[in-house]
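Hello,

Here is the structure we talked about, for you to open and look through. My notes on what was found follow below.

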Amino acid sequence: MTQESHGFSIGIERINSDIFLSLKAKGTLTHQDYLTITPIIDSALAEVDHPKVKVFIDGTELDGWEMRAAWDDLKLGLKHGNEFEKIAIYGNKDWQEFAGKIAKWFIQGESQFFEDKDKALKWLLN
């Protein structure tokens with residue numbers, strides 16, 4: 001039996017009320033992946049009054065979500081959507097661009113899909 005690697009790598013940097021969150025998603029995300037990552041994100045954002053969050057998502061190794069994990073992702077977006085200023089989605093699959101467009105429905109800020117990492121970071125940090 002082969003083991004498939006999946007989950008998140010996360011980086012959080014805070015400068016005053018600005019938070020830079022970087023996520024690398026790998027494999028097919030599961031409910032357990034969200035049970036692990038959600039409290040980390042919740043805790044980081046709870047420490048700041050009125051956080052302004054910029055998110056960089058590296059989806060180049062992301063295959064998708066299990067159904068329950070997709071629901072977890074939606075709940076996370078609804079919970080913190082008004083705190084996200086910008087979300088840059090760096091990926092290499094057509095469906096990821098579509099997912100980026102759907103994200104705009106659930107966040108107050110901007111989201112954009114990029115196939116070039118440098119362009120994604122430049123847009124996010126401006």
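The largest pocket has a volume of about 710 Å³. It is lined by 30 residues, and I57, W65, D73, A99 and A103 are the ones closest to its centre. Please keep in mind that this is a predicted model.

Which elements supply at least two residues each to the lining of the largest pocket? They are β2, α1 (31-46), β3 (52-65), α2 (67-80), β4 (84-90) and α3 (94-103). Helix α3 has the largest share, with seven residues. Sorted by class, the lining of the largest pocket consists of 25 nonpolar, four polar and one charged residues.

The second largest pocket has a volume of about 150 Å³. Its lining is made of E13, I15, D18, I19, F20, K52, K54, E85 and L125. The elements β1, β2 and β3 each give two or more residues to this lining, and β2 gives the most, with three. By class, the lining of the second largest pocket has four nonpolar and five charged residues, and no polar ones.

Strand β1 covers residues 7-15 and strand β2 covers residues 18-29. The two strands pair in the antiparallel sense, over nine bridges. One of the residues to look up here is R14, whose bridge partner in β2 is I19. I19 is also among the residues that line the second largest pocket. Two residues lie between the strands of this hairpin, and N16 takes a positive phi near 55 degrees.

**Nonpolar cores**

The largest nonpolar core has 20 residues. Inside this core, the residues with the most contacts are L21, I41, V53, V55, F84 and I87. The elements β2, α1, β3, α2 and β4 give two or more residues to the core, and the largest share, five residues, comes from β2. Apart from this core lies another one, of seven residues, which includes F56, F114, A120 and L124.

What does I87 touch, if residues up to four places away in sequence are not counted? I87 touches V55, I57, I107, E110, S111, Q112, W123 and L124. Of these partners, V55 is named above for its contacts inside the largest core, L124 belongs to the other core, and I57 is among the residues closest to the centre of the largest pocket.

**Two residues to look at**

I10 is in strand β1. Is I10 buried, partly exposed or exposed? Its relative accessible area is 31%. Buried means under 20% and exposed means over 50%, so I10 counts as partly exposed. Leaving aside neighbours within four places in sequence, I10 is in contact with L21, S22, L23, I37, I40 and I41. Among these, L21 and I41 are also listed with the most contacts inside the largest core. I10 and I40 are 30 residues apart in sequence, and their C-alpha atoms are 9.0 Å apart in space.

K75 is found in helix α2. The relative accessibility of K75 is 40%, so by the cut-offs already given K75 is partly exposed too. K75 and F106 are 31 residues apart along the chain, with 9.5 Å between their C-alpha atoms.

Best wishes

Technical notes:
Residues numbered from 1 in each chain as written. Predicted model: local features only at pLDDT ≥ 70, side-chain atom pairs only at ≥ 80, totals over all residues. Heavy atoms only, no water. Pairing = 2+ DSSP bridges. Helix = DSSP H or I, 4+ residues; strand = E, 2+ residues; numbered from the N terminus. 1 Å grid on protein atoms, 1.4 Å probe; cavity = no way out; pocket = protein on both sides within 12 Å on 5 of 7 lines; lining within 4 Å. Points joined across faces, edges and corners; volume = space filled by probe spheres on them. Nonpolar A, V, L, I, M, F, W, Y, C, P; charged D, E, K, R; others polar. Core = buried A, V, L, I, M, F, W, Y, C linked by side-chain atoms within 4.5 Å. Buried < 20%, exposed > 50% of the residue type's maximum accessible area, 1.4 Å probe, protein only. Contact = heavy atoms within 4.5 Å.
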